[in-house]
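Please look over the sequence and the model below before reading on.

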Amino acid sequence: MAVTACIFDLDGVITDTAAYHYLAWKQLGEELGIEFDHAFNETLKGISRMDSLERILILGEKQHLFTEEEKQQLAKKKNEHYVSLLVDMGPKDIYPGIQQLLDELVEQHIHIALASASKNAPMILEALGLTKYFEYIVNPDDLTYGKPNPEIFLRVAQALGVKPSECIGVEDAQAGIEAIKAAGMFAVGVGTVDILQAAGADYVVESTDMLELSKILQKNNTN
Ligand code: BG6
Ligand code: MG
C-alpha cells in the first residue's frame, strides 16, 4: 500500500516535552498529596490536560473535593509551570533523527501533519523551527474525543484528503497507538517495546534516532 501521509504526535516523539509534562504533573500531585510513579505516568501520555488532571485526582480519591472552576485553576497552574520549563526550547531540542525523517518525507512527497492533544503544540513547533514542515496541525479544541479515540487521526486524513489506510502514525503513548490502530492506520511506536506492542503498534523503535523512513516503509509493505 502506498504511503501518502505521515502523522506525528508531538510530546515525546518530536521533542522531550513528555518529561516536562511529567515533572509539572508530579509537582502538582505532590502539592495535592497525590504521589504517582512512571508507570502511572504512562497512562497520562496522550491524554488531554483536563482528563489528565481528573485521572490524577481519581488516583488520590480527591476527584470530588474540587469544583469545576477549581479544577480549571489547578490545570492552569500545571500549564504555567509546564510552559515555564520550555523557555529555552529551540532547534537543539529536536529529538535525534526527526529532522532527517521530515526531510526524507518531503523528498518522497509524503504529507506531514501533527496529531497532538496539546494546546501548546503550535508554540512548541515554532520554537523548534519545524512549523514549515507541517501541512496540517489538528486543533484539539475542535475535537469531541481524546486519544485513544481515533478522531484526531481521522481528522488529519480527512483534512489532507487521504485514505487512513495510506497513513502512518508515529506515537510514544499507549493511548496514541490505540488511536492510530482504531483509525485503520499503520502505527509506529517510539519507546518501550513491550508497552507499545501491547497497545497494538505495528513497528516499534526504542528511540527516534532509529526512525528510518526506508525501514518504516518496508515494514508497512510487509504488514
Ligand atoms: C499530550 C501529552 O501530547 O498533550 C499529554 O502527551 C498532555 O501529557 C496533552 O497532557 C495536553 O497538553 P497541553 O499542553 O495542552 O496541556
Ligand atoms: Mg506523546
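## Briefing on the predicted model

The largest cavity holds about 350 Å³ of space, a volume being the space filled by probe spheres set on grid points that are joined across faces, edges and corners. This is a predicted model, in which local features need pLDDT of at least 70 and side-chain atom pairs count only at pLDDT 80 or more, while totals for chains, interfaces and linings use all residues. Residues are numbered from 1 along each chain as its sequence is written, chains are lettered from A and ligands numbered from 1 in the order in which they are written, and side-chain values use heavy atoms, with hydrogens and water left out.

**Cavity**

- The structure holds 1 cavity of 30 Å³ or more, where a cavity is a set of points, on a 1 Å grid over the protein atoms alone, at which a 1.4 Å probe fits but cannot get out, and lining residues have an atom within 4 Å of a point.
- Of the 26 residues that line the largest cavity, D11, H21, L44, G46 and I47 lie nearest its centre.
- At least two lining residues come from each of α1, α3 (49-59) and α4 (68-84), and α1 gives the largest share, 4 residues; helices (H or I, at least four residues) and strands (E, at least two) are DSSP runs, numbered from the N terminus.
- The lining divides into 8 nonpolar, 9 polar and 9 charged residues, with Ala, Val, Leu, Ile, Met, Phe, Trp, Tyr, Cys and Pro counted as nonpolar, Asp, Glu, Lys and Arg as charged, and the others, Gly among them, as polar.

- D9 counts as buried at 5% relative accessibility, and D172 is buried with a relative accessible area of 8%; buried means under 20% relative accessible area, exposed over 50%, and partly exposed in between (1.4 Å probe, protein chains only).

- In α10 (residues 213-222), L213, I216 and N220 are buried, and they lie on the same side of the helix because they cover an arc of only 65° around the axis, the arc being that of the directions from the helix axis to the C-beta atoms.
- S214, Q218, N221 and T222 are exposed on the other side of α10, whereas the cover over its buried residues includes α5 (98-107), β4, β5 (186-190) and β6 (203-205).
- The buried residues of α8 are A175, G176, I177, A179 and I180, and they pack against α7 (151-160), β4, β5 and α9 (193-198), contact meaning heavy atoms within 4.5 Å.
- G184, which follows α8, has a positive phi near 80°.

- L32, in the loop between α1 and α2 (38-42), is buried with a relative accessible area of 16%, and is in contact with L57, K62, F66 and L74, leaving aside its neighbours within four places in sequence.
- T208, in the loop between β6 and α10, counts as buried at 5% relative accessibility, and touches V13, Y95, P96, G97, I98 and V190, not counting residues up to four places away in sequence.

Conventions
On a 1 Å grid over the protein atoms alone, a cavity is a set of points where a 1.4 Å probe fits but cannot get out, and a pocket is an open set with protein on both sides within 12 Å along at least five of seven lines; lining residues have an atom within 4 Å of a point.
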